[in-house]
Amino acid sequence: MLRKKNSKTPKEPFQHHQKSQSDLSVWLKVGRIDPEKSVQDHQSLNDQENNSKQENSLEPALNYFATVQDRVSLKRSSALQRHLATVESVALQRGLPPEAFNVLLSTALSGKLADTVNTRLLKSLIPNSVVPETSVVSAVSWLCVSKCSSNIQVLFLRWLITVFDLIDHKEDLRALYGFFFFFLQEEKMCPYVCHVLYLLTRKENVKPFRVRRLLDLQAKMGMRPHLQALLSLYKLLRPELVSITLPAKTKIYFKNAEGPWKAAIRTIRQRKLENSPVPQPLFLGTARPRSRKRKWNAQLMIPASSTNRSHLEGVTGKNTDLYSTDEYFPVELLQTFPQLLQNIHHLEFPSRMGSVLTNPLLLHYMNCTKDESVYLRLYYWLGQTLQEECTWCVVENGQNEEEFRDFLEILCRAQCFLHEGLLPCEEFLYRSLPLWDGLCCRSQILRLVSWIPLNSSFGMCDPLSEAGQCLILKDRICPQMIYRLLVSFSEMKSYLYDPLAQLFFTSSLYFKCSVLESLKRLLQNWLNWQMVHLDSATDSQTHSLNTTFSGLVNTVAELIHFVGMISTVALRLESNHTFLLYFILEFYETVCDIYLKYNMPLLIMPPAGVFYPVLLGMDPVNLNQLCYIMYRYRANLVAAKENEHSEKEIQQFRFSSETYKEYNQYITAMVGCLWTSNAFQKDTHPQGLQMDDELLNKTGVKEFKTSFNIVYHPAMIGYAVQFLQQAWPDDTTFNFSLIKGKKWNWYLEYLYAKGLEGLKVFIESSISRVSQASHSKAGNTKM
């Protein structure tokens, strides 16, 4: 698009623009290696000279367009060619100042010039700071007199949608709601008018006659996406006025209206930030990423201009009066938490909700507000942006990986700040994971996975659908989750688990560990959510919670079984790597305490493919952690057994006898290995260590029975050697048989002093020591 426009401009401006771009590229490349202060100074000097020349040439161009006569031929008028090229050059290089928009919009929409010129003028409307509201209002008045063609009208609406967040005020523009609504009858303009109305709509704008008009259009045109979006918003704000059932199928509701302006605004914004000596503001305690003026990174702080500064100063000067009125409080003035508390009932959110993600105060407000439109707007915008900008789902966006990564980073921080996942992120993961290569934006994608809401197995629904509205309209004590319909595990498996498993099995050890860490955090977030919301549920919600609680438990159980399966396979693929075992045990350290710590009646033992590699492994840290995990399993099972007949306990949730049986089999194997040296005879697990003595004798190991006790175990023998060196420093034979009787107790104290707390609590809880002088008699506690 830009190349086509440049081809029509005179050669000199075009070459000058290209040279500036070339210098900037060199500056960027050099800047990655050296500080290059001299290069920056030279570039800054050139920019100042260029800006001065352009300012001098832009003013005559604006004067020309303000006084141009009707129907000037572009081919025959050198003046028109020169001034049009000037406007395009200035717009592309540094953006247009606010005072230029009134003249250029009036010229383009008045119909004075040919559509070719009007199109180039509208495509050159690239702001360098803000767009004055007065210019937009004046332009809308030109639409009403129908001086320009329908193509120019559509192009203007597309531009208006793109720069909507950059308009300095919107009070007068909102007053034109009825004018925009009138243009719904124009079929060509209807999709873009619906988009504008969606951005402008407040509750007071929803009237019965407008609902009837939309329903008439729907009957005439069919269920168009743009009509569905506006009706959905109307139904959310005034449900008593819209009684029809809207389709729940997710789709893109509005066409991409950004045209040639999006990339140009991003480039200009980037240049300004790179050349600015002012440090950037902070975001949630960390530095804000470089802004490329993407929709999601729109700053709430409006850039300074003469019009805007006077407005803000005026409002600031009378803010004490504003607090006591019913007027909307502009978020541009919201700077402190006390301000948020004082104006919490008067806040007006941005029309595009993407800017909320970078403002901690507005995220605070989202956590406590019951304004349904806040979530509806954010979910619509976020869902559409994720689908359009995903670099591996849209071929054309492959070069924007860094920008998309920055966007996902903002989403991760926002979700962490809110302590809950956002539904559009969940749906984005379900749609994009099957296409993901496991490399692009890996850290951000896995962090998004860890914030998938607990309603994952409760189906996906569109926030603009009737079901999606129901989620938002429900009491905030159970937001977005409890009221979703159950879907089968096979669907959840295909959305999340299967794509992750395919990448998990075929990727590196580091990726496997990253996935396990992400799934551990996902489990913790699910458990924290259900504990908080079940504890805070009111009596009126108890029945709804009880009817869905079994579904929540099943969802958590499915996740644990999935991790157990992939962990077993991964250990075989990676030859029981110690690093991998560490992350697996970290996951099960959360699983073993689900009943007592998170008040969920669920305990699932690790599979044998995880348990035995750790028990027989060579790493003392992992063995110590396994001992602690088995100690916590015991504590949870004992508590469950004691509460099994309590009246407070929900009777339908009881631990299976198989859980107790599997725990006892594992305990028998552990005690047999580490303490009584009879694991090969007593282990009854189907995948356990039980073997005939005849087979064991064929191994050639003399003392095979004691091969895995706490002295001879491959993971513990290093401690035994150190203990012998300290107890008998003159003995170099390392006679491990000396560690018995009283020396056995000394050895235990030595191990405890080395920090093996897991081993300590396991021995104290699961082993009955008959005699302090003998270690040969011990037993395990049966459930």
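**Close-up views of a predicted model**

**View 1. The largest nonpolar core and the surroundings of W159.** In this predicted model, the largest nonpolar core holds 231 residues, among which W159, M630 and Y747 touch the most other members. Helix α26 (residues 542-573) supplies the largest share of this core, 12 residues. A nonpolar core is here a set of buried Ala, Val, Leu, Ile, Met, Phe, Trp, Tyr and Cys residues joined through side-chain atoms within 4.5 Å, where buried means under 20% relative accessible area with a 1.4 Å probe and protein chains only. Leaving aside residues up to four places away in sequence, W159 touches F101, L105, L122, L125, V131, V136 and W261, a contact being heavy atoms within 4.5 Å.

View 2. Helix α4 (residues 78-94) has 17 residues and reaches 24 Å from its first C-alpha to its last, close to the 24 Å expected at 1.5 Å a residue; the expected span is 1.5 Å times one less than the number of residues. Of the 17 residues of α4, 13 are buried, and the helix is followed by G95, whose phi is positive, near 85°.

**View 3. Confidence along the chain.** The protein averages a pLDDT of 75, with 72% of the residues scoring at least 70, pLDDT being the predictor's confidence in each residue, from 0 to 100. Confidence is lowest in strand β2 (residues 286-287), at a mean of 33, and highest in helix α27 (residues 578-591), at 96. Over residues 1-45 the pLDDT is below 50, and this stretch has 36 contacts in the model beyond near neighbours in sequence.

**Notes.** Local features need pLDDT of at least 70 and side-chain atom pairs count only at pLDDT 80 or more, whereas totals for chains, interfaces and linings use all residues. Residues are numbered from 1 along each chain as its sequence is written, and side-chain values use heavy atoms, with hydrogens and water left out.

Methods: Buried < 20%, exposed > 50% of the residue type's maximum accessible area, 1.4 Å probe, protein only. Helix = DSSP H or I, 4+ residues; strand = E, 2+ residues; numbered from the N terminus.
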